[in-house]
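Okay, thanks for coming, everyone. Let me put the structure up and we'll walk through a couple of spots together.

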Amino acid sequence: MTALRGLWPEVQDTCTSLGLMLLLVLFVGLARVVTRQPLHRFLMAHTFVLEFLGTFQLCCCTHELQLLSEQEPAHPTWPLTLIYFFSLVHGLTLVGTSSNPCGVMMQMLLGGMSPDTGAIRLLAQLIGALCSRYCISALWSLGLTKYHLNERTFACRNPIQVDLPKAIITEAICSFIFHSALLHFQEIGTKLRIHLLAALITFLVYAGGSLTGAVFNPALALSLHFKCFDEAFLQFFMVYWIAPSLGILLMILMFSFFLPWLYNNHTTNKKE
């Protein structure tokens, strides 16, 4: 009985954090609905608002998820379960947005998005990532749980636990794998695709989380580690911005140029 009483505050704090994340999702969903009609005629403004709200939701929820994962729960699989669940939530609620500069870059390089639209989306993601920090800081200042410390959002909590080359390789590989799946899962049904992508995100976080945090999203990295960018800009710029971009470039080179060339070369040799 004493053990249960000691555990109860922890359960309350966890439920409060989960409730806060779900409220943020509902708020963003409501904002998407409210702004749909007024901005429907203004394509660029509508695109900007959707991308801003999507990035804002992703970053805010990830701040809270990171906080929960650091509390060392009794079951180590609990943080991974939360990551899978909220990846599903984001996939279902943020349709039409990428919330990731690498996703925008991939579409632009493949010719699926104009430079003007890409620039608008990138600007919205940058603003959404920065706004999420101040929103989370304001929410944590309310002291809803004992883990909500306002100072935490303005402190550098360096997640890089390996040397720089390994960190760059880790983020590049995560970006390569995720966006390769994103590109090739388009023909799969929406419901199954969302589950597959959520499972892949969970696996990548499990595999690379202890090394770099496995962010593979420059906007999310800026929101989570803004203070670290200020203190060690070059290191974080290379790991969280350059490395995921390199992963995208390698993915496009492989699937759009190298593999088709290899296939054509093999077919030509067989005919000869």
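Let's start with a quick one: is Phe233 buried, partly exposed or exposed? Phe233 comes out as partly exposed, because its relative accessible area is 44%. Bear in mind that this is a predicted model.

So who is around Phe233? There's one aromatic cluster made up of Phe229, Phe233, Phe236, Phe237, Tyr240 and Trp241. Searching the whole structure turns up 10 aromatic pairs. Take Phe229 and Phe236: their ring centres are 5.6 Å apart with the planes at 55 degrees, so that pair is tilted. Phe229 has 4% relative accessibility, so we call it buried. Phe236 is buried as well, because its relative accessible area is 0%.

Now back to Phe233, this time with Phe237. Here the ring centres sit 5.3 Å apart and the planes are at 20 degrees; under 30 degrees counts as stacked, so this pair is stacked. Both residues belong to helix H10, which covers residues 233-271, and they are 4 residues apart, about one turn of the helix. And Phe237? With a relative accessible area of 26%, Phe237 is partly exposed.

Last stop, helix H2, residues 43-69.

Conventions: Residues numbered from 1 in each chain as written. Predicted model: local features only at pLDDT ≥ 70, side-chain atom pairs only at ≥ 80, totals over all residues. Heavy atoms only, no water. Helix = DSSP H or I, 4+ residues; strand = E, 2+ residues; numbered from the N terminus. Expected span 1.5 Å × (residues − 1). Phe/Tyr/Trp six-rings, centres within 6.5 Å; stacked < 30°, edge-to-face > 60°. Buried < 20%, exposed > 50% of the residue type's maximum accessible area, 1.4 Å probe, protein only.
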